[in-house]
Amino acid sequence: MTHSRKRTGRGPLAREAQIAGWLFVSPMVLGFTLLLLFPMGLALYMSLTDWPLLGDHHFIGLENYRNVMTDAMFWKVLANTVYFTAGLVPLNIVLALLLALLLSRSLRGIGIFRTAIFVPVMTSLIVWSIVWKLMYATESGLINQLLLMIGIKGPAWLYNQDLAMPAVIVTSVLKNVGLNMVLFIAAIQQVPRSLYEAATLDGAGRRGTFFHVTLPMITPTVFLTMVMTVIGSLKVFGQIYVMTQGGPSNSTKVLVYYIWEKAFKLFQFGYASSLAYVLFFIVLILTLLQWQLRKRWVFNEGDA
């Protein structure tokens, strides 16, 4: 009898706590469902259909995915995307690490330099790209004007098939390097000072201290920045749209731009959705691969 009363007494409180819990998490659950699960489900269904802008759509199964595998332009834009990623990721990581090493010291006025490098991160991508497009202008651009002052005639940066992609990569690196720099500064400042003192007693110089103390200790942050930078580079779109429109001769047309082109210029929403899911699986596979490889080089992850 007593046990029954206890269960009855706890019942309403438990139900109220459960209801309160669902009320607290409902905005997140609702947002996750409406803004992520539903669009992903709809895109998956669209990728299995012939879905034009006007007219009826009809189910075609995996036909869109088969067409992707035989689409010469898909392989071209995939190669451009890999080129962009391979150029941006190491340049971004290395430059951010060098800046962090320089700006992690406690010196008067050092915050001004940190702020100056971080400001582009908060700047609108469209505005940033427009400014750099003007700077890359063939005749009146600032870069070519500076080159002309030292007797060098600058090239047509964004109209040269060999230079357009490197120009966009440089623009993208300078735009986002400040974020990784801040993460590296925070990681470097968390390295125990006792490790540096021990390295000094062992006779390690600056180079040895960096490679045997600093770098191993910040590898978790290096891993984080690498994953984020790779994912961001595979999704590049704004710079391409503003600066080159995929040209010249498709030399800067990347996968997300190709998806946008198929969906909103040619109105092939089914095919564009299949391309989007191909990109999704590429990102997923690369992220899982990095996650597995982390055990080989990330500090204290060998037993994870």
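1. Is Phe 223 buried or exposed in this model? The model is a predicted one, and in it Phe 223 has a relative accessible area of 13%; because buried means under 20% relative accessible area, Phe 223 counts as buried. Its ring partner is Trp 291, and the two ring centres lie 5.9 Å apart with the planes at 50°, so the pair is tilted.

2. At 44% relative accessibility, Trp 291 counts as partly exposed, whereas Phe 223, across the ring pair, is buried. The charged end of Arg 294 sits over the ring of Trp 291, at 3.8 Å from the ring centre. The ring of Trp 291 is therefore paired with that of Phe 223 in a tilted arrangement and also has the charged end of Arg 294 over it.

3. On the aromatic pairs in general, the count for the model comes to 17. One of them joins Phe 74 and Trp 75, whose rings are 5.0 Å apart centre to centre with 70° between the planes, an edge-to-face arrangement. Phe 74 is buried, its relative accessible area being 1%, while Trp 75 is partly exposed at 44%. Elsewhere, ring pairs link Trp 128, Trp 132, Tyr 136 and Trp 157 into a cluster.

4. The largest pocket holds about 550 Å³ of space, and its lining is made up of 14 residues, with Leu 101, Ser 104, Arg 105, Tyr 196 and Thr 214 lying nearest the centre. Two or more lining residues come from each of helix H3 (72–103), helix H7 (164–189), helix H8 (193–201) and helix H9 (206–217); of the contributing elements, H9 gives the most, with 4 residues. By class, this lining divides into 6 nonpolar, 5 polar and 3 charged residues.

5. The second largest pocket has about 300 Å³ of space and is lined by 18 residues, of which Asn 176, Met 228, Thr 229, Gly 232 and Ser 233 are nearest the centre. Here H3, H7, H10 and helix H11 (238–243) each supply at least two lining residues, and the largest contribution comes from H7, with 5 residues. The lining consists of 7 nonpolar, 9 polar and 2 charged residues. A reader comparing the two pockets may note that H3 and H7 are named among the contributors to both linings.

6. Helix H13 also contains Gln 292, a residue that is partly exposed, with a relative accessible area of 48%. Between Gln 292 and Glu 261 the separation is 31 residues in sequence and 34 Å in space, taken from C-alpha to C-alpha.

7. As for annotation, an unreviewed UniProt entry lists residues 78–290 under "domain: ABC transmembrane type-1", and that assignment is reported here as it comes from the record. In the model, the end C-alpha atoms of this span lie 19 Å apart, and the span is 75% helix and 0% strand.

Notes. Residues are numbered from 1 along each chain as its sequence is written. This is a predicted model: local features need pLDDT of at least 70, side-chain atom pairs count only at pLDDT 80 or more; totals for chains, interfaces and linings use all residues. Side-chain values use heavy atoms; hydrogens and water are left out. Rings of Phe, Tyr and Trp (its six-membered ring) pair if their centres lie within 6.5 Å; planes under 30 degrees apart count as stacked, over 60 as edge-to-face and the rest as tilted. Buried means under 20% relative accessible area, exposed over 50%, partly exposed in between (1.4 Å probe, protein chains only). A charge sits over a ring if NZ of Lys or CZ of Arg is within 6 Å of the ring centre and within 35 degrees of the ring normal. On a 1 Å grid over the protein atoms alone, a cavity is a set of points where a 1.4 Å probe fits but cannot get out, and a pocket is an open set with protein on both sides within 12 Å along at least five of seven lines; lining residues have an atom within 4 Å of a point. Grid points are joined across faces, edges and corners, and a volume is the space filled by probe spheres set on the points. Ala, Val, Leu, Ile, Met, Phe, Trp, Tyr, Cys and Pro count as nonpolar, Asp, Glu, Lys and Arg as charged, and the others, Gly among them, as polar. UniProt positions are given in the numbering used here, feature names are shortened, and annotations may be inferred rather than shown by experiment.
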